[in-house]
Amino acid sequence: MNAKPIICYPKEKLKPSNLKIYQEAKKNLKVINEVIIPPRDAKCFQVKAGQFFRIENIEGPQVGDLNLFNSDNLDEKFYSGKTRALHGTHISTGDQMWSSFPYLRPLATITKDTLDWYGIDDDGGSVHDVIGTRCDPYTEKLLAGNDYHYCCHSNLIRALAKEKNIKTNESEKYIHDVLNVFMCTGFTKDTHQYFMKASPTKPGDHLEFFAEINLLGVLSSCPGGDCGSEHSSDKAKCYPLKVTTFSTDKTNLKGWSSPEVSAYNRKHGL
Ligand SMILES: [Zn+2]
């Protein structure tokens with residue numbers, strides 16, 4: 001009962017990120033694309049390996065639900081659970097977004113977080129979580145009995161279906177648990193239940209990433225707005241989000257190379 005907690009995956013064993021290289025490379029960034037994500041909707045964006053992208057709050061406090069794929073192979077996608085196991089419940093500068101099995105490599109590294117001052121509040125809450133899943137119409141139906149069509153799950157499905165010219169049923173198979181950008185969440189101390197509270201984010205706040213491989217991002221402006229009251233409805237005040245993609249000269253990335261997929265031999269004991 002009083003056994004000492006042991007960190008399952010000590011961070012020291014993770015390959016050190018190339019944060020210094022990225023900070024140098026950021027001195028010469030060139031804007032190459034901008035995408036505005038309207039409230040209660042999602043859009044796709046492409047980022048090449050070696051480029052940066054930034055998710056920004058532009059008009060008011062707004063939470064974003066992010067899916068990330070290898071743009072050359074949609075089967076390799078963001079793995080929220082393993083990212084949580086490796087980096088903790090909320091991620092910030094220096095942490096990486098890891099891909100699904102059997103690939104397990106960093107898809108992106110966070111290079112800047114204007115909300116890093118928030119830390120962990122008295123309720124155990126923090127921002128940018130990898131503990132929530134994504135708001136979805138099935139749980140809404142289960143708990144409230146409604147058919148609501150603009151949950152992040154559905155927004156992501158529509159955006160990916162349009163981008164890849166596939167049916168929604170097929171698109172749905174690719175949609176996965178998200179990084180909850182700007183969302184302030186935690187677990188209650190007494191019952192360990194998932195909670196959310198109004199995000200501290202303001203216009204101008206941004207979370208910036210370095211693309212470790214060629215990426216397809218899909219970002220939803222959550223119908224919960226700042227997620228300070230409820231989601232999965234049209235009641236909360238919602239704002240657009242902006243995604244900006246930046247390129248840097250290859251010469252600024254000396255010492256960096258795109259990570260390989262896991263070297264595990266996949267024999268699984270057979
Ligand atoms: Zn949502």
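This is a predicted model: local features need pLDDT of at least 70, side-chain atom pairs count only at pLDDT 80 or more; totals for chains, interfaces and linings use all residues.
Q: OK, what phi does Gly145 take?
A: A positive one, about 80°.

Q: Which residues other than glycine have positive phi?
A: Leu104 is one of them, with phi near 40°. Phe182 is another non-glycine case, at about 70°.

Q: Where are they?
A: Leu104 is in the loop between E6 and E7. Phe182 lies in strand E9, residues 179–187.

Q: Is Phe182 buried or exposed?
A: Buried, because Phe182 has 27 C-beta neighbours inside 10 Å and the cut-off is 20 or more.

Q: And Leu104?
A: Partly exposed, with 17 other C-beta atoms within 10 Å.

Q: What joins Phe101 and Pro102?
A: A cis peptide bond, with omega about 5°. Pro102 is in the loop between E6 (96–98) and E7 (106–113).

Q: Zooming out, how many helices and strands?
A: The chain has 5 helices and 13 strands. Its radius of gyration is 18 Å, close to the 18 Å from the globule rule for 270 residues, so the chain is as compact as a globular protein of that length.

Q: What box do the C-alpha atoms fill?
A: Roughly 55 × 50 × 45 Å along the principal axes.

Q: What share of the chain is buried?
A: Buried residues make up 41% of the 270.

Methods. Residues are numbered from 1 along each chain as its sequence is written. Helices (H or I, at least four residues) and strands (E, at least two) are DSSP runs, numbered from the N terminus. The radius of gyration is taken over C-alpha atoms; the globule rule is 2.2 Å times the number of residues to the power 0.38. A residue is buried if 20 or more other C-beta atoms lie within 10 Å of its own, exposed if 12 or fewer, and partly exposed in between; C-beta atoms are placed from the backbone.
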